[in-house]
Amino acid sequence: MKLLIVCNNSGCGSVFPAGSIEEAEALGFMCPACNSKTVTHHIIQCRHCYSIVNFIPVYEDEEPVIFYVKKCSLCGDAKEERNLSPSFSKDIFI
Ligand SMILES: [Zn+2]
Ligand SMILES: [Zn+2]
């Protein structure tokens, strides 16, 4: 029996076949393309729903690690992203 797994990378979303849940788990519930990235990229993962938020390329001599964010946009909390954008003053005088 083949299972169809939705890729755990929220930016990917592709569906891939797996022989079993164990097989999919070994891939981190990521499609083969995204899973191959885990060797060459740091992973940013949501601590809340465990979906992959982003990949960051690994520099030479760096070990790929997993960064966790408290919540991702899928969890309905994009506040942290908004805080990163600079705020502009509305009071502009000519
Ligand atoms: Zn994928
Ligand atoms: Zn999430």
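**The sheet and the core**

Modeller: Three strands make up an open sheet in the order 4-3-5, and the pairing is mixed. The edge strands are strand 4 and strand 5, as each pairs on one side only. From one strand to the next, the twist averages 20°. Please keep in mind that this is a predicted model.

Colleague: What are the elements of the protein, and how do they run from the N terminus on?

Modeller: The secondary structure comes to three helices and five strands. From the N terminus on, the elements run β-β-α-α-β-β-β-α.

Colleague: How do you know that strand 3 and strand 4 pair, and in which sense do they run?

Modeller: Let's set the count against the rule. Two strands pair if at least two bridges are found between them. Strand 3 (residues 41-46) and strand 4 (residues 52-57) are joined by five bridges, so they count as paired, and they run antiparallel.

Colleague: Why is Phe29 called buried?

Modeller: The cut-off for buried is 20 or more other C-beta atoms within 10 Å. Phe29 has 20 C-beta neighbours inside 10 Å, so Phe29 counts as buried. You'll find Phe29 in the loop between helix 1 (21-26) and helix 2 (32-37). Not counting residues up to four places away in sequence, Phe29 touches Ile5, Asn8 and Ala24.

Colleague: Which residues form the largest nonpolar core?

Modeller: There are eight of them: Cys7, Ala24, Phe29, Met30, Cys31, Cys34, Ile43 and Ile52. Met30 is in contact with Cys7, Asn8, Asn9, Asn35 and Ile52, leaving aside its neighbours within four places in sequence. Phe29 and Ile52 are 23 residues apart in sequence and 9.9 Å apart in space, C-alpha to C-alpha. Across the protein, 15% of the 94 residues count as buried.

Colleague: Is Asp61 buried or exposed, and why?

Modeller: A residue is exposed if it has 12 or fewer such neighbours. Asp61 has 5 C-beta neighbours inside 10 Å, so Asp61 counts as exposed. The place of Asp61 is in the loop between strand 4 and strand 5.

Colleague: What is the phi of Asp61, and what is the phi of Phe29?

Modeller: Most residues other than glycine have a negative phi. Asp61 is not a glycine, yet its phi is positive, about 70°. Phe29 is likewise a residue other than glycine with a positive phi, near 55°.

How values were computed. Residues are numbered from 1 along each chain as its sequence is written. Chains are lettered from A and ligands numbered from 1 in the order in which they are written. This is a predicted model: local features need pLDDT of at least 70, side-chain atom pairs count only at pLDDT 80 or more; totals for chains, interfaces and linings use all residues. Helices (H or I, at least four residues) and strands (E, at least two) are DSSP runs, numbered from the N terminus. A nonpolar core is a set of buried Ala, Val, Leu, Ile, Met, Phe, Trp, Tyr and Cys residues joined through C-beta atoms within 7 Å. Two residues are in contact if their C-beta atoms, placed from the backbone, lie within 7 Å. Axes are lines fitted to C-alpha atoms, for helices over the stretch in contact, and angles run from 0 to 180 degrees between N-to-C directions.
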